[in-house]
Structures are given as structure tokens and as C-alpha cells.
Amino acid sequence: MSEVKTLDDLIKLHIADMREVGKVLGRSKAFSLKMISARLGKTPLSDVNREKITEFGKARAKEGAGPVTAGIDVGYKLSNITSLEPSLLKLRHGWNENART
């Protein structure tokens with residue numbers, strides 16, 4: 001993957017990295033990442049912030065996701081992927097976090 005501009009790009013990079021080290025994506029994680037990608041995938045990384053993540057979590061709760069499920073989607077998958085983004089890109093692609101825009 002040459003350029004990582006959207007959340008979907010970052011999710012694809014995360015999945016590729018997991019496969020590269022021999023980790024298999026479990027059913028629940030695969031479902032969550034697919035859902036996040038479908039709903040927020042086109043969002044530019046520069047627009048992914050606490051408010052966007054909170055909105056996603058609230059929407060999951062309104063759909064009937066229990067607190068544990070919504071917490072996993074937001075707390076583990078979405079937050080961890082986005083918080084690791086600068087480190088992943090720097091390590092994998094020599095990305096300069098000052099050139100984000």
C-alpha cells in the first residue's frame with residue numbers, strides 16, 4: 001500500500017501487518033473491522049478524532065450493541081488502530097507525521 005490517507009487504508013494496512021506476522025483475524029475482529037470500514041472507511045485520517053469515535057460508539061449502542069460489544073469496537077479496534085497510526089506508518093513506510101495534510 002503506497003499511501004495511507006483514509007481509515008479504510010489504515011485498516012487494510014493493519015490486516016496486512018497481522019497476516020505478515022502469521023496472525024489470523026478472528027471472526028469477531030474481522031466483523032468489527034469490516035463494519036468500521038463500511039461506516040467510517042472513507043474518512044480521512046486527519047478527520048478521525050475523539051468526537052468521530054464517540055459518535056460511532058453511540059450509533060452502535062442505538063443499534064442494540066451491548067456495552068461490551070460497543071466498547072470492544074471503539075476501545076480496542078477503532079481507538080487502537082487510529083492511535084497507532086503514526087507509528088505504523090513511520091515504521092512501515094518512512095512516513096513523516098509532519099507531512100500529514
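These are my notebook entries on a predicted model of a protein, written as I looked things up.

**Ground rules**

I number residues from 1 along each chain as its sequence is written, and my side-chain values use heavy atoms, with hydrogens and water left out. Since the model is predicted, local features need pLDDT of at least 70 and side-chain atom pairs count only at pLDDT 80 or more, while totals for chains, interfaces and linings use all residues.

**Entry 1: the overall plan**

I began with the elements and found four helices and zero strands in the protein. Helices here are DSSP runs (H or I, at least four residues), strands are E runs of at least two, and both are numbered from the N terminus. Reading from that end, I get the order α-α-α-α.

Next I looked up burial, where buried means under 20% relative accessible area, exposed over 50%, and partly exposed in between (1.4 Å probe, protein chains only). Buried residues account for 38% of the 101 residues.

I also looked at contacts, meaning heavy atoms within 4.5 Å. Of those between residues at least 6 apart in sequence, 61% join residues at least 24 apart.

**Entry 2: helix α1**

I followed α1 from end to end: its 14 residues reach 20 Å from first C-alpha to last, close to the 20 Å expected at 1.5 Å a residue. The expected span is 1.5 Å times one less than the number of residues. Ten of the 14 residues are buried, so I noted α1 as mostly covered. Among those buried are Leu 7, Ile 11, His 14 and Met 18, and also Asp 8, Asp 9 and Asp 17. Just after the helix, I found Gly 22 with a positive phi of about 80 degrees.

**Entry 3: the core**

Which residues touch the most other members of the largest nonpolar core? I found Leu 7, Ile 11, Ile 36, Phe 56 and Leu 78, in a core of 16 residues. Such a core is a set of buried Ala, Val, Leu, Ile, Met, Phe, Trp, Tyr and Cys residues joined through side-chain atoms within 4.5 Å. The helices giving it two or more residues are α1 (7–20), α2 (27–40), α3 (50–62) and α4 (67–93). The largest share, five residues, comes from α1.

I looked at Ile 36 next, which sits in helix α2. Ile 36 counts as buried because its relative accessibility is 1%. Phe 56 is 20 residues from Ile 36 in sequence and 8.6 Å away in space, C-alpha to C-alpha.

Then I looked up how α2 and α3 pack: the angle is about 115 degrees and the axes are 12 Å apart. The axes are lines fitted to C-alpha atoms, for helices over the stretch in contact, and angles run from 0 to 180 degrees between N-to-C directions. On the α2 side the contact is made by Met 35, Ile 36, Arg 39 and Leu 40, and on the α3 side by Lys 52, Phe 56 and Arg 60.

**Entry 4: Asp 73**

My last stop was Asp 73, in helix α4. Is Asp 73 buried or exposed? Asp 73 is buried, because its relative accessible area is 1%. Leaving aside neighbours within four places in sequence, I found Asp 73 in contact with Ser 32, Met 35, Ile 36, Phe 56, Arg 60 and Leu 78. Ile 53 lies 20 residues from Asp 73 in sequence and 9.7 Å away in space, C-alpha to C-alpha.
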